[in-house]
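Here is a friendly briefing to read alongside the coordinates. Have a look at the chain first, then work through the points below.

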Amino acid sequence: MVWRAPFRSLDDRPRASKEKEELDRAIALSLTEDLKRPNGYRWRTETDDDLARSLRDSFNSAPYPSYAPREYYPRGYRTCAGCKREIGYGNYLGCMGSFFHPECFRCHACGYPITEHEFSLSGRDTYHKSCFKELTHPKCEVCHQFIPTNGVGLIEYRCHPFWSQKYCPSHEHDYTSRCCSCERLESVNTQYFSLGDGRSLCLECMESAIMDTGDCQPLYHAIRDYYEGMNMRIDQQIPMLLVERQALNEAIEGEKHGFHHMPETRGLCLSEEQTVTSILKRPRMERRGLVGIRTQPQKLIRRCEVTAILVLYGLPRLLTGAILAHELMHGWLRLNDYRNLRPEVEEGICQVLSHMWLESEVMPTSRNNIPSSSTASTSSSSSTWSYGPSTSSYGPSIPASSTSSSSKKGGKSSVENKLGEFFMHQIAHDASPAYGGGYRSAMAAVNKYGLRRTLDHIRYTGTFPE
């Protein structure tokens, strides 16, 4: 059996053209027939026109459904925001309106690709969540762990007002060592030295620590010279001893009068006869702390209003000097018959002298002169100290002997200067009414009237001038 192939038209024109031609022919035949009718025309209605228009439109329309092509993007329109190269074909990531090769989507902190489903954003910078926490979540500077959140989900920590040391609140109660000088807490990667009497000292404070009475004598005499340079000479030879904490506490108990700053007293201007155990030989520094300390009991005889000045051993030079300047001012007041002063007045003016001495050590050019109504009686030097707005002279220039031993060796280190600034900050921001409030009232009076006029006013009225 033979199948015939289907007939194929010889007309190769497109289908649409042929259909249009057939439509035109049909319309022409229809018009010819209309002309053959009587009067040569026929009535045309709107329905006829609409039908013809619809037929024409149906034939003119495309034989297939309409298709709108997608917007054309040339190859290479996606550029990696990381390497700036064409992404081409393959996997890519989109973030913040940019495209990335997977290996180019990297952490801004560590530089490694981010492969996790979640990540952190800061501006337009991307981070691993762990890296972002490392950067933004505060770490304790004592245990070096992330500071935990409190019961309501907030990050709570303590911060030292001067050193800005941030630490977990728990370290205030977990027996973490605190330097008895600068107040900083001991961190896990440092070692503090025990002074053997319950106190610890950091390495920075240890660098300039004064360990026995003999080592402290040059500093003591330098501060006496400082007083003499301000026309506040102390003629009596007042013994000065470095003592341990227990010996100082025992001396405080034996003192009949005096106001003492709690919780830690570092110095004492003694007015009663006592036997005090002083540090005779400085201890050796070993891994476990200070060992080999030698002490000796010393009988103190009262020859004037001041029996002796006692200071805790093991403190940095500037702190020891500030304590000596404070206690010497107590001695000067007693020797010059300043009686029955209220604690805020006596402690306040003593703190002013302590602050002034520290300022002369840390910032020696900050004040050129200390004004007062009194003039220097013994000095060939023409230079004077000025203090506050007054221009009157107070006393002769401070003798060269008042400079510290560290200055003679080439100046204090930046670490020691920073410690000095901290000790000044402690005095200025002390919260106690007698020491802190008294200092601020006394300093305001000294800045306004000068030191000598302030002292004269205290002598006659027992108060600061206003």
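This is a predicted model: local features need pLDDT of at least 70, side-chain atom pairs count only at pLDDT 80 or more; totals for chains, interfaces and linings use all residues.

D235 counts as exposed, because its relative accessible area is 52% (with a 1.4 Å probe and protein chains only, buried means under 20%, exposed over 50%, and partly exposed in between). D235 sits in the loop between α5 and β10 (240-243), where helices (H or I, at least four residues) and strands (E, at least two) are DSSP runs numbered from the N terminus.

Residues are numbered from 1 along each chain as its sequence is written, and side-chain values use heavy atoms, with hydrogens and water left out.

**Overall make-up**

- The protein has 12 helices and 17 strands.
- Of its 466 residues, 40% are buried.
- Among contacts (heavy atoms within 4.5 Å) with a separation of 6 or more, 54% are between residues 24 or more positions apart.

**Helices α5 and α8**

- How do the axes of α5 and α8 cross? Helix α5 (residues 213-229) and helix α8 (residues 343-362) have axes that come within 12 Å and cross at roughly 105 degrees.
- That angle makes α5 roughly perpendicular to α8; angles under 35 degrees count as roughly parallel, over 145 as roughly antiparallel, 65 to 115 as roughly perpendicular and the rest as oblique.
- The axes are lines fitted to C-alpha atoms, for helices over the stretch in contact, and the angles run from 0 to 180 degrees between N-to-C directions.
- On the α5 side, L219, I223, Y226 and Y227 make the contact, and on the α8 side L353, M356, W357 and S360 do.
- Sorted by class, the contact of α5 with α8 has seven nonpolar residues, one polar and no charged ones. Here Ala, Val, Leu, Ile, Met, Phe, Trp, Tyr, Cys and Pro count as nonpolar, Asp, Glu, Lys and Arg as charged, and the others, Gly among them, as polar.

**Nonpolar cores**

- A nonpolar core is a set of buried Ala, Val, Leu, Ile, Met, Phe, Trp, Tyr and Cys residues joined through side-chain atoms within 4.5 Å.
- The largest one has 83 residues, and Y227, L310, L324, M329, I349 and V352 have the most contacts inside it.
- Helix α7 (residues 317-335) supplies the largest share of this core, with 10 residues.
- Another core, of 10 residues, lies apart from it and includes I87, C107, I114 and Y127.
- Beyond its neighbours within four places in sequence, L310 has contacts that include L241, V243, L248, R266 and L300.

**Cysteines**

- How many disulfides are there? The count comes to zero disulfides, a disulfide being a pair of cysteine sulfur atoms within 2.5 Å.
- The sulfur of C110 has its closest cysteine sulfur in C107, but at 3.8 Å this is too far for a bond.
- C110 is partly exposed, since its relative accessibility is 34%.
- C216 is buried, as its relative accessible area is 0%.

**Positive phi values**

- Most residues other than glycine have a negative phi.
- H144 has a phi near 60 degrees, a positive value in a residue other than glycine. H144 is in the loop between α3 (129-136) and β5 (158-159), and its relative accessible area of 34% makes it partly exposed.
- S164 also has a positive phi, near 60 degrees, and is a residue other than glycine. S164 is in the loop between β5 and β6 (166-167) and counts as partly exposed at 37% relative accessibility.

**K139 and the chain end**

- K139 lies in the loop between α3 and β5 and is partly exposed at 34% relative accessibility.
- Not counting residues up to four places away in sequence, K139 touches E134, H144, Q145, F146, I147 and K166.
- The C-alpha atoms of K139 and Y157 are separated by 9.4 Å, with the two residues 18 apart along the chain.
- E466 belongs to the segment after α12 (451-461) and is exposed, with 81% relative accessibility.
- Leaving aside neighbours within four places in sequence, E466 is in contact with K448 and Y449.
- E466 and S441 are 9.0 Å apart, C-alpha to C-alpha, and 25 residues apart in sequence.
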